[in-house]
Amino acid sequence: MIFDPVEVRGLLIAAARQRQTFTYGTLLGILGHTFTRPLMRQLCKVLDRIDEDGRAAGEPGLAVLVVRQSDGLPGQGWFVSRTGIYPDLPLEWEGTEARRYTGARQSEAFDYWSAHDPA
C-alpha cells in the first residue's frame, strides 16, 4: 500500500482538532506526492478503510475532511461509497444539500476529535 493508514488517520485527526480540511492535492503533497488521478484513487481507498475502521469503533468519519479544491466537497466516490450506510445521504453530490450534509459530517468529526484522544 502506497499510503500508511495510520499516518493518514493521524493527519486527519490533527486537522479535525484544528477544525480544518485538506484538499486532495494538499494531503497528497503532505504525504510526499504530487497529484495524479491514480494516486488520488489509492488515497481514497485508504480514506474509505479509515472510515470503515472508525465506524466499527464508534467514531465519526474522517474522509469527509478531504475535499475538492474546486468546491470544498468530497469527491463523488465519497458519496457513492457511503450509499446504504447513511440513510440521510443526499442524492446529489454537488450543490446546497451536499454542502449542508458535508458540513454536518465535518462538524461531527471536529467536535468528536476535539473531545477524544486517538486510540
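The structure is a predicted model, in which local features need pLDDT of at least 70 and side-chain atom pairs count only at pLDDT 80 or more, while totals for chains, interfaces and linings use all residues. Residues are numbered from 1 along each chain as its sequence is written, and side-chain values use heavy atoms, with hydrogens and water left out.

The protein chain contains five helices and two strands, where helices (H or I, at least four residues) and strands (E, at least two) are DSSP runs numbered from the N terminus. Along the sequence these elements follow the pattern α-β-α-α-β-α-α. The radius of gyration of the protein chain is 13 Å, close to the 14 Å that the globule rule gives for 119 residues, so the chain is as compact as a globular protein of that length. Here the radius of gyration is taken over C-alpha atoms, and the globule rule is 2.2 Å times the number of residues to the power 0.38. Taken along the principal axes, the C-alpha atoms fill a box of roughly 35 × 30 × 25 Å.

Of the 119 residues, 39% count as buried; buried means under 20% relative accessible area, exposed over 50%, and partly exposed in between (1.4 Å probe, protein chains only). The protein chain exposes about 6600 Å², of which carbon and sulfur atoms supply 53%. Accessible areas come from the Shrake-Rupley method with a 1.4 Å probe, and for residues only the protein chains shown count as cover. Among contacts (heavy atoms within 4.5 Å) between residues at least 6 apart in sequence, 59% join residues at least 24 apart. The protein chain has 13 positive and 15 negative side chains, and the centres of the two sets lie 3 Å apart. In this count Lys and Arg are positive and Asp and Glu negative, with His and the chain ends not counted; the place of a charge is taken as NZ of Lys, CZ of Arg, CG of Asp or CD of Glu.

The largest nonpolar core has 32 residues, of which Val8 and Leu12 touch the most other members. Helix H1 (5–17), helix H2 (24–30), helix H3 (37–56), helix H4 (76–81) and H5 each supply at least two residues of this core. Such a core is a set of buried Ala, Val, Leu, Ile, Met, Phe, Trp, Tyr and Cys residues joined through side-chain atoms within 4.5 Å. Leaving aside neighbours within four places in sequence, Leu12 is in contact with Phe22, Leu27, Leu47, Leu62, Leu65 and Val66.

Not counting residues up to four places away in sequence, Ile50 touches Pro5, Val8, Arg9 and Leu62. Ile50 and Pro60 are 10 residues apart in sequence and 10 Å apart in space, C-alpha to C-alpha. Thr102 lies in helix H5 (residues 96–115) and is buried, with a relative accessible area of 1%. Beyond its neighbours within four places in sequence, Thr102 is in contact with Val64, Leu73, Pro74 and Phe79.

Thr26, in helix H2, counts as partly exposed at 39% relative accessibility. The C-alpha atoms of Thr26 and Arg68, 42 residues apart along the chain, are separated by 10.0 Å. Arg19 is found in the loop between H1 and strand S1 (22–23) and is partly exposed at 44% relative accessibility. Phi of Arg19 is near 55 degrees, a positive value in a residue other than glycine. Glu92, in the loop between H4 and H5, is exposed, with a relative accessible area of 55%. The C-alpha atoms of Glu92 and Ile50, 42 residues apart along the chain, are separated by 24 Å.
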